[in-house]
Amino acid sequence: MRFRRVLIANRGEIALRVIATCERLGIETVLAASEADLDSVPARRADRVVRIGKAPSAQSYLDWRAIAAAAKACGADAVHPGYGFLSENAALARGCREAGIAFIGASEEQLAATGDKWRAREVAERAGLPVVPGAIVQSSEEARQVIDRIGCPALVKAVGGGGGRGMKRISRPEETDAVVALAVAEADAAFGDPRVYIERFVTTGRHVEVQLIGDGHRLVHAGERDCSVQRRYQKLIEETPAPQLSAALRERLHAAALAFGGALDYRGLGTVEFLVDAESDAFFFLEMNARIQVEHPITEAVTGLDLVAEQIAVAEGQALRLRQEDIRPLGHAVEFRINAEDPALDFRPSPGRVSACAFPAGPGIRIDSHIEAGADVPPYYDSLLAKLVVHAPDRDGALSLARTALRNVRIEGVATNIAMHQAILDSDAFGAGGVGTDWFAGFWQRTTAR
C-alpha cells in the first residue's frame, strides 16, 4: 500500500529530515511532539502535531503505547521512529502491527535479534563473522573469570542498548567489580535491562560501519563509513569512504555486512558496525543498528540516494528498488556533529535560547538542522544542534570545504563544539586519515594543555 499519512515519533533534525522526504513523496505528516517541542521548527513544518506526554522530558518519546495510540487516533498509515528513542523497540513495532499500522523499520523479530547485543553476536558467529573474544556475565565472580581469561584492557557493554551508554572500560583486573557494577546500573537506567557482557578491548581499533538496505528477500550495501573520531564512545565526525583501507579489506567488510543481514533476511535500513584492528587489518563484528543512522547524510551525498525514501518504499511493501550495481559512490563526504556543549568545561551540555543562527550554503554543503534564531535548546534531550555535511571529489577537497564552511557557521546564545571541529581539521593525524577510536582523547588533552 502507498502511505497517505505518516506519524513521526521523534524530534529535532531527524524529524525535519523525515518530513522533507514525506513532502516530496506527497505523504501527509503528523509529528508526535512533547510539550517542549510544540513550537519547534519540525512542529511548524509538519502538517499536524499531536502532543504526547504530560511533561517536557525524554520520557514523552519513550512511551510506545502512547505513540501507537496516537498513530491510530490520527489515522496514520505508518510510524517513522527516526533514530534513538523507540527506533529499535520491538514493542512499538508489535504495537503498530496490532493496530494495523506499518512500522517504518525492521521487523519485530529482527529488532529483538539486533537489540540484544549478545544475541546479535551469536547471529554474527553463525554467519561466519569474527567477533571480539568475550562473554556475558551475571555476577562479579563471572566477570573476574572473564577478565582472567581475556585480560585487560576490556570493555563492559550493555546487552540491551548502545550509543555508549552502559559501556565502561576495565584497565586493571582490580577495577572489575566496581566497573561492572557501574555499567549494570547505567544499563538498567538507560534501557531497563541490567545485563552486561565483557569483551576484549582492541586498543588500536577503528570504527567502520556498512550501510545496508533490504526488503526481507534481497539486500544491497551502500558503502561504508568511518566513525572513529569519538569522545567517550560518542561519534563526533563521520566520513565516507573510510580512508586508508585496502581494497581487499573494504570488500571483506561489505561482504561480512551482507552476510549478517542475509542471516536475518533483513528488511529496511540497517548498519553493521565493525572494529577494524589498524595494526593487522583484521576486523570484528560489533553490533547492528536496525534503524537510520545520524550519519546517513554522507552516504546520501556520495550515492545520490534518499535513504528515507528507500526506507518508506520497503515499509510500503515494495520490492527493493536498487541493485548492487546501481550504487556507485562518487567523491568523499564528511559529517561534523555540531552540539550545544562547552568543550572548555569538559563538554558540559549548554541548553538555552539561540539568539542568532546562520549556516553556510553552496555547492557541496548540506546542513541538517532544526534550530533557528529564537529557538530553545531544552536540557532534556541530546545536545545535537546541526549536522554540517561536505561533499567533494576527493578527501582533501572535502576537508578544505569543511574548513571554510565551519568558519561560516554562526550560532550564538549557547556554547557549541565548533572550535573543537576546527582544531581537529588542523591536526596532521586527522588530515592523513585512519585515526583510531582512542585518538581523540589524547589529541584533545594535548590541545587543551597548550
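Helices here are DSSP runs of H or I with at least four residues, numbered from the N terminus. In this predicted model, one such run is helix α5, which spans residues 108-115 and includes glutamate 108. Glutamate 108 has a relative accessibility of 17% and therefore counts as buried, the cut-off being under 20%. Its side chain forms a polar contact of 2.4 Å with the side chain of arginine 97.

With residues up to four places away set aside, serine 369 touches Glu13, Leu16, Phe359, Leu385 and Ala386. For alanine 386, the C-alpha lies 4.3 Å from that of serine 369, although 17 residues separate the two in sequence. The side chain of serine 369 also reaches two backbone atoms: the oxygen of leucine 385 at 2.9 Å and the nitrogen of isoleucine 371 at 3.2 Å.

Turning to helix α10, residues 296-303 form a mostly covered element, with seven of the eight residues buried. The buried set consists of His296, Pro297, Ile298, Thr299, Glu300, Val302 and Thr303. Just after α10 comes glycine 304, whose phi is positive, at about 80 degrees.

Note on methods:
Residues are numbered from 1 along each chain as its sequence is written. This is a predicted model: local features need pLDDT of at least 70, side-chain atom pairs count only at pLDDT 80 or more; totals for chains, interfaces and linings use all residues. Side-chain values use heavy atoms; hydrogens and water are left out. Buried means under 20% relative accessible area, exposed over 50%, partly exposed in between (1.4 Å probe, protein chains only). Helices (H or I, at least four residues) and strands (E, at least two) are DSSP runs, numbered from the N terminus. Contact means heavy atoms within 4.5 Å. A polar contact is a pair of N or O atoms within 3.5 Å; within protein, one must be able to donate a hydrogen and the other to accept it, and residues adjacent in sequence count only if both atoms are side-chain atoms.
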